[in-house]
Amino acid sequence: MSTLENVSDSSILTWNVHSKAAARFTHAFIGGFSMMIVSELGDKTFFIAAILAMRHPRFVILAGAVSALALMTVLSAYIGSVATLIPRFYTSWIATCLFIIFGLRLLREGYYMSPDEGAEELEEVSQELREKESRFSDSQRPTRWQRCLSPIFVQSFVLTFMAEWGDRSQIATIILGAREDTLGVTLGATLGHAICTFIAVIGGRLLAQRISIRTVTLIGGVVFLLFAITSFIMDVATEEKDSHNDLGDLKLQPVELDAQL
């Protein structure tokens with residue numbers, strides 16, 4: 001009888017472990033996806049993809065931009081995962097506090113933001129791209145990489161990668177990687193980047209001009225705060241489950257000793 005009880009207890013423990021891992025993956029995936037959506041719509045990389053898609057083949061621009069964003073996402077998520085060497089208690093609280101700070105900051109920026117912020121950002125990015133494309137066209141011989149790959153693909157990749165470096169979405173991905181499931185963050189954030197880039201490439205300048213950066217920024221602040229709250233709730237629930245399991249293990253030990261005697 002004790003053998004059957006042990007098998008049942010081990011099955012329940014295995015189920016709890018798998019369900020906890022699935023919940024962490026789902027939470028990380030949703031967090032990465034939603035934060036990239038609200039961070040990238042109307043962002044600099046969004047405008048870069050929209051403007052380049054009007055001058056060059058859309059598929060090439062999409063491939064270059066998504067490749068750059070996917071590489072940046074992988075690097076950022078796994079840079080953040082290095083923080084798992086620190087006890088999870090500290091990384092969880094630090095990450096939650098940072099999400100709250102980011103959310104409040106976005107709400108403040110959105111509140112004081114001009115309604116014409118999107119048009120100003122679009123014009124600024126257009127001017128930068130004109131300057132960079134003139135230097136690119138006036139450059140000397142093509143490099144070895146440019147001979148192997150399309151120059152347009154390389155241009156889209158490099159411009160997107162450099163614009164994303166140090167951006168709000170990259171910092172958010174690093175923080176997510178520090179406290180959430182790394183694979184879930186990577187897949188969710190990459191999918192969010194790909195959808196935003198696809199919208200930019202298909203919609204072009206018309207959609208970029210009609211997007212309200214102020215509204216997107218305010219929504220982004222709310223999303224960051226909601227994720228901070230859900231992260232806090234999940235941490236508390238996990239701690240309660242772990243303490244409950246520990247108490248259950250302590251109660252089972254005397255029963256196992258009596259069965260052996």
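Is Thr96 buried or exposed? In this predicted model, Thr96 is buried, with a relative accessible area of 6%. The residue belongs to helix H4, and its side chain forms a polar contact of 3.4 Å with the side chain of Arg179.

Helix H4, which spans residues 88-112, also contains Leu98. In contrast to the buried Thr96, Leu98 is classed as partly exposed, at 31% relative accessibility. Leu98 is accordingly listed in a nonpolar surface patch of about 1,200 Å².

Two helices, H4 and H10 (213-260), each supply at least two residues of the patch. The greatest contribution comes from H4, which provides six residues.

The cysteines were considered next. Cys97 is partly exposed, with a relative accessible area of 41%, whereas Cys196 is buried at 2%. The count of disulfides is zero, since a disulfide requires a pair of cysteine sulfur atoms within 2.5 Å.

How values were computed
Residues are numbered from 1 along each chain as its sequence is written. This is a predicted model: local features need pLDDT of at least 70, side-chain atom pairs count only at pLDDT 80 or more; totals for chains, interfaces and linings use all residues. Side-chain values use heavy atoms; hydrogens and water are left out. Buried means under 20% relative accessible area, exposed over 50%, partly exposed in between (1.4 Å probe, protein chains only). Patches are made of residues with over 30% relative accessible area and no salt bridge: like charges are joined within 9 Å, nonpolar side chains (Val, Leu, Ile, Met, Phe, Trp, Tyr) within 5 Å. Accessible areas come from the Shrake-Rupley method with a 1.4 Å probe; for residues, only the protein chains shown count as cover. A salt bridge is a side-chain nitrogen of Lys or Arg within 4 Å of a carboxyl oxygen of Asp or Glu. Helices (H or I, at least four residues) and strands (E, at least two) are DSSP runs, numbered from the N terminus. A polar contact is a pair of N or O atoms within 3.5 Å; within protein, one must be able to donate a hydrogen and the other to accept it, and residues adjacent in sequence count only if both atoms are side-chain atoms.
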